[in-house]
Amino acid sequence: MLLKMSSKMTRSDNITHARKTVQQLRVEACIERIKVSKASADLMRYCSEHAKYDPLLMGIPASENPFKDKKPCIIL
Amino acid sequence: MCDQTFVAITFGPCDSCSQNKPLMNIYLQNEPVNYCSLCVELMACQGLAKGETVSTLRAESENLKAKLEEERAKLHDVELHQVAEKVETLGQFVIKTRRTLKGHGNKVLCMDWCRDKRRMVSSSQVIMRSAAVCVLQEHAVTMPCTWVMACAYAPSGCVIACGGLDNKCSVYPLSLDKNENLAAKKKSVAMHTNYLSACSFTNSDMQLLTSSGDGTCALWDVESGQLLQSFHGHSADVLSLDLAPSETGNTFVSGGCDKKANVWDMRSGQNIQSFETHESDINSVKYYPSGDAFATGSDDATCRLYDLRADREVAIYSKESIIFGASSVDFSLSGRLLFAGYNDYNINVWDVLKGTRVAILFGHENRVSTVRVSPDGTAFCSGSWDNTLDFNPV
């Protein structure tokens, strides 16, 4: 009896889960997409526009670097 | 649902699935639409409860998945690294570890930068980085949590959130008084049914986003502790999350043990996009600075870049020699560099556009658990299971 009941519940759980998956996929199928070439071009453009502001990429002149060692540093 | 149905032979893109097919002109709620016959059938079956079995739903979902792949593949006209061939190659990347902070009693599991670019919080302590005196001061403030897997600074810098195996995310106000007992001011905000894997404040101190081993993410009101929105869709532990960078952005991305990275709308709780190309757990997700893409680090030893508008993976960062999982990723300010910490104790720096490795950074004696670039991009910090934090300024 118990076994029958649990298999019934599993079946309806499966249906709910499957239905949710289908609904989710429907939502995803409808979104608008652009071509990879356009997306890549945009990524590249962002990089080149912001490259000069990226210290890890460009380095900073020692005079402007507030963290440059001026004297022996200590850890308190 | 359908007021009138006219059968007319027109050929073109379906209003529902966008495929070029013979169309039927129908009226939905008094609006004329052109649907292909498949979509008309799907729509008619939507309300059907009888006759809907697991197998028909499964068949439909397989159908939709195949259609999704088809749609994505249509737009896959070129690879990112091919487009990036004309970009200048990066010079040699040189960085020396300036400061190793030892003395953490435990493994460093997580860390976060404060927006003032001076302070960091890690899973055991608050660390102050002071420019005037070129000194790294450690606040003698120990995180009063047992096993902190997630920590975050509030935008104001006055409050810290952290949590872990206690299944909660708690918020602590900070004070400069070193003798202050932080634990006394603790306020529990988030409650999950499994460990807390990541947390982040939204654009204000008032809302907290959390992800958990219970497979969900949740948005909480800090003041009242109320659950504002929950996000269901992962089928296993969620390990990481990141908020979209825009000021007005209302989306975030999460990655988990189900190998999926999901993009969510914070207001509706809806899962907008989902990406499943990794072959193992996704340990870390991070948005590209423009917000149009995000990177992931996974136990399958690769990091990948997914573009949101192209709705697909556009780059893989991997090498045959790298066989250990990537635990944490972060971008440099321009998005050109991707810093990734691995379980083989190293940090690999990748050229995001070209897909090549620019540098390997050694220095840790155990797994690298977290890598974070400072908000002004002048330094990055890596935490490891060897109980140290390496601070690397430019």
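**View 1. The interface between chain B and chain A.** Between chain B and chain A about 5,100 Å² is buried, 67% of it from carbon and sulfur atoms, where buried area is the accessible area (1.4 Å probe) that two parts lose on being put together, summed over both. On the side of chain B, the residues that lose the most area to chain A are B:Leu75, B:Arg309 and B:Val394, together 12% of what that side buries. The contact (heavy atoms within 4.5 Å) takes 70 residues from chain B and 48 residues from chain A. The model is predicted, with local features needing pLDDT of at least 70 and side-chain atom pairs pLDDT 80 or more, while totals for chains, interfaces and linings use all residues. Residues are numbered from 1 along each chain as its sequence is written, chains are lettered from A and ligands numbered from 1 in the order in which they are written, and side-chain values use heavy atoms, leaving out hydrogens and water.

**View 2. Salt bridges between the chains.** Three salt bridges are counted between chain B and chain A, a salt bridge being a side-chain nitrogen of Lys or Arg within 4 Å of a carboxyl oxygen of Asp or Glu. In one pair, B:Glu60 and A:Arg26, the closest N and O atoms are 2.5 Å apart. Helix α2 (residues 54–74) of chain B gives the largest share of the side of chain B that touches chain A, 10 residues, with helices (H or I, at least four residues) and strands (E, at least two) taken as DSSP runs, numbered from the N terminus.

**View 3. The salt bridge of B:Asp311 and A:Arg33.** The closest N and O atoms of B:Asp311 and A:Arg33, which form a salt bridge, are 2.8 Å apart. Because B:Asp311 lies in the loop between β23 (303–307) and β24 of chain B, and A:Arg33 in the loop between α1 and α2 (36–50) of chain A, the pair joins two chains. Over all chains the count comes to 15 salt bridges.
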